[in-house]
Amino acid sequence: MPDGKNSYLIVGAGVFGVSTAYHLIKKYPDASITIVDRDAYDAESRVAASWDWNKVVRADYDDIVYCRLALEAQDVFQSDPLWKPYFHQTGIYWMCRSDYAQEVLDNYKKLGRRADLAAVPVDEARRLYGGLFEDADYTGVKEVLVNKTSGWAAAGDCLIAVTKEALRLGVKYVTGEVETVLVDARQGGKCTGVKTTAGDVLTASHVLLCTGAYTPKLLELSADSTRNDKLSAGTRIVAGGITTGMTTLDDESYGRFKSMPVGVQGYTAEQGPFIGSLPPTKDKELKWWGQTIFTNKREVLPGRLLSAPPAEPDYAQWKVSGRLKEDINHANHVFYGKKGATWKMEKHRICWDAFTTSADFIISPHAAAEGLYVATCGNFHGFKFFPVLGKYIVQMLEGTLSPELTEKWAWDRERPDSSRNPDYPRWEMKDLIGTSKL
Ligand SMILES: Cc1cc2nc3c(=O)[nH]c(=O)nc-3n(C[C@H](O)[C@H](O)[C@H](O)COP(=O)(O)OP(=O)(O)OC[C@H]3O[C@@H](n4cnc5c(N)ncnc54)[C@H](O)[C@@H]3O)c2cc1C
């Protein structure tokens with residue numbers, strides 16, 4: 001049970017790790033809590049998926065559990081002075097090719113939540129927001145979900161602000177790369193801490209991995225160094241990469257687009273992942289994410305093959321192939337058609353996240369070592385839960401998480417086939433090098 005005497009080592013300063021540190025220190029002000037991350041929290045460039053210009057904040061989920069959690073998180077974004085400055089309630093415009101809009105409306109109804117949202121027929125929707133999306137690709141679109149209460153958050157700025165607040169409250173931050181977790185055979189294989197690549201040993205009674213896309217690799221290296229193969233993530237977690245791209249709007253376009261809602265092109269699982277377009281930042285940068293989600297399978301040690309971000313310290317995230325840049329051109333086209341035809345794409349980044357076949361997080365004790373816990377697997381949708389993730393992760397550490405969430409986020413559970421998850425990685429990175437059209 002967490003209390004003032006326990007010590008917590010949180011590996012990873014993305015939303016899962018920082019939210020945990022923040023909720024822990026608020027609940028147990030005397031506890032010893034240390035975050036360790038390979039990047040400084042205010043570094044100019046970080047590998048964290050959570051560190052980004054902006055992220056969609058929405059409760060538009062067909063899964064009622066995430067709908068409820070996202071509403072809880074959004075209420076914090078809207079009311080708490082720590083989070084509020086980073087949330088922009090621009091609304092969302094979601095072109096649905098399945099029954100998604102109706103399922104979201106049903107969930108709001110079941111949860112007794114009143115909000116300004118509607119499923120709008122395509123012809124009517126095209127005229128909304130001054131016709132910004134009139135040239136979008138509506139092939140197969142059944143209706144458009146318009147939720148005026150959704151929006152986006154300035155993700156990197158928000159992450160820094162909450163990290164600073166956790167540090168002010170007493171959390172410690174160590175910059176270093178964790179090479180392996182440590183287990184003590186004399187204590188029955190209990191996890192006692194971690195070792196960094198610089199050779200430093202950090203110990204704690206609770207070790208929590210919030211390492212995002214790097215988690216399978218870290219566990220595999222740990223399985224090898226501790227000779228405990230059960231530490232390995234196996235098929236539970238897969239690292240996947242997605243391309244984002246940005247254009248800087250000229251003053252005239254900025255005038256038109258600055259109050260736009262978040263745009264989403266939704267597809268069925270057979271057609272592929274959804275694509276998004278985020279409203280311009282204060283630097284007038286409009287962003288998209290692409291549709292090609294890929295693994296990078298490599299032998300991390302002889303005979304140990306898994307998907308991991310590239311080995312470079314920055315995950316080679318700024319090295320984006322011509323082929324992946326095409327993915328962003330395609331996204332531009334299906335949202336804005338001729339309006340965006342002359343826009344120049346200036347910034348591209350590959351962002352890495354951890355995926356499960358069900359798109360559920362893993363927030364759970366690790367079954368193979370007492371004292372070791374896992375909280376990650378954002379599945380390309382984890383940021384918006386930043387304000388409340390830590391609350392549930394602390395419950396997991398305390399053993400008070402509801403049975404429903406314990407089962408949903410378990411380390412060991414039945415997992416569906418990935419074919420039903422439209423956002424599961426379906427490509428391999430080495431096949432996406434080059435300049436040809438997708
Ligand atoms: C392109 C893209 C767009 C997205 N858009 C949205 C969106 O609009 N809305 C939304 O809600 N979600 C979105 N997501 C998902 C969201 O960003 C992630 O689910 C979430 O940020 C994951 O948080 P995390 O804490 O698990 O991992 P991360 O944020 O990746 O953090 C992991 C941290 O662990 C550190 N780390 C890893 N290994 C080690 C090690 N060995 N030693 C030390 N430190 C280590 C890393 O440096 C990093 O800081 C998007 C994701 C991507 C990739």
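User: Which helices and strands each supply at least two residues of the shell around the ligand?

Analyst: Helix H1 (15–27) does, and so do strand E2 (32–37), strand E3 (55–57), strand E14 (238–248) and strand E21 (345–355). H1 gives the most to this shell, with 3 residues. The model is predicted: local features need pLDDT of at least 70, side-chain atom pairs count only at pLDDT 80 or more, and totals for chains, interfaces and linings use all residues. Residues are numbered from 1 along each chain as its sequence is written.

User: Which residues around the ligand come nearest?

Analyst: Gly12, Gly14, Gly212, Gly378 and Gly382 do, out of 38 residues around the ligand. A residue belongs there if its C-beta atom, placed from the backbone, lies within 6 Å of the molecule. By class, the shell has 19 nonpolar, 11 polar and 8 charged residues.

User: How do you know that the axes of H1 and H9 cross at roughly 65 degrees?

Analyst: Axes are lines fitted to C-alpha atoms, for helices over the stretch in contact, and angles between N-to-C directions run from 0 to 180 degrees. For H1 and helix H9 (residues 386–398) this gives roughly 65 degrees, with the axes coming within 7 Å. Contact residues include Phe16 and Tyr22 in H1, and Phe386 and Leu389 in H9; the cut-off for contact is 7 Å between C-beta atoms placed from the backbone. The contact of H1 with H9 divides into 8 nonpolar, 4 polar and 2 charged residues.

User: Why is one crossing called left-handed and another right-handed?

Analyst: A crossing is left-handed if the near helix is turned anticlockwise from the far one by less than a right angle, and right-handed if clockwise. H1 and H9 cross in the right-handed sense, whereas the crossing of H1 and H5 is left-handed. H1 and helix H5 (residues 155–168) pack at about 35 degrees, with axes 9 Å apart.

User: What makes two strands a pair?

Analyst: DSSP must find at least two bridges between them. Strand E1 (residues 7–11) and E2 have 5 bridges in the parallel sense, and therefore count as a pair. Ile10 stands opposite Ile35 in E2. H1 packs on the sheet, touching E1, E2, strand E13 (206–209) and strand E23 (372–376).

User: What order do the strands of the open sheet of 6 have?

Analyst: The order is E9-E2-E1-E13-E23-E22, with mixed pairing. Strand E9 (172–175) and strand E22 (362–365) are the edge strands, each pairing on one side only. From one strand to the next, the twist averages 20 degrees.

User: Which sheet has antiparallel pairing?

Analyst: An open sheet of 3 strands, in the order E3-E8-E4, has it. Strand E4 and strand E8 (residues 151–153) share 2 bridges, and therefore meet the cut-off of at least two. His88 stands opposite Trp152 in E8.

Definitions and conventions
Helix = DSSP H or I, 4+ residues; strand = E, 2+ residues; numbered from the N terminus. Nonpolar A, V, L, I, M, F, W, Y, C, P; charged D, E, K, R; others polar. Contact = placed C-beta atoms within 7 Å.
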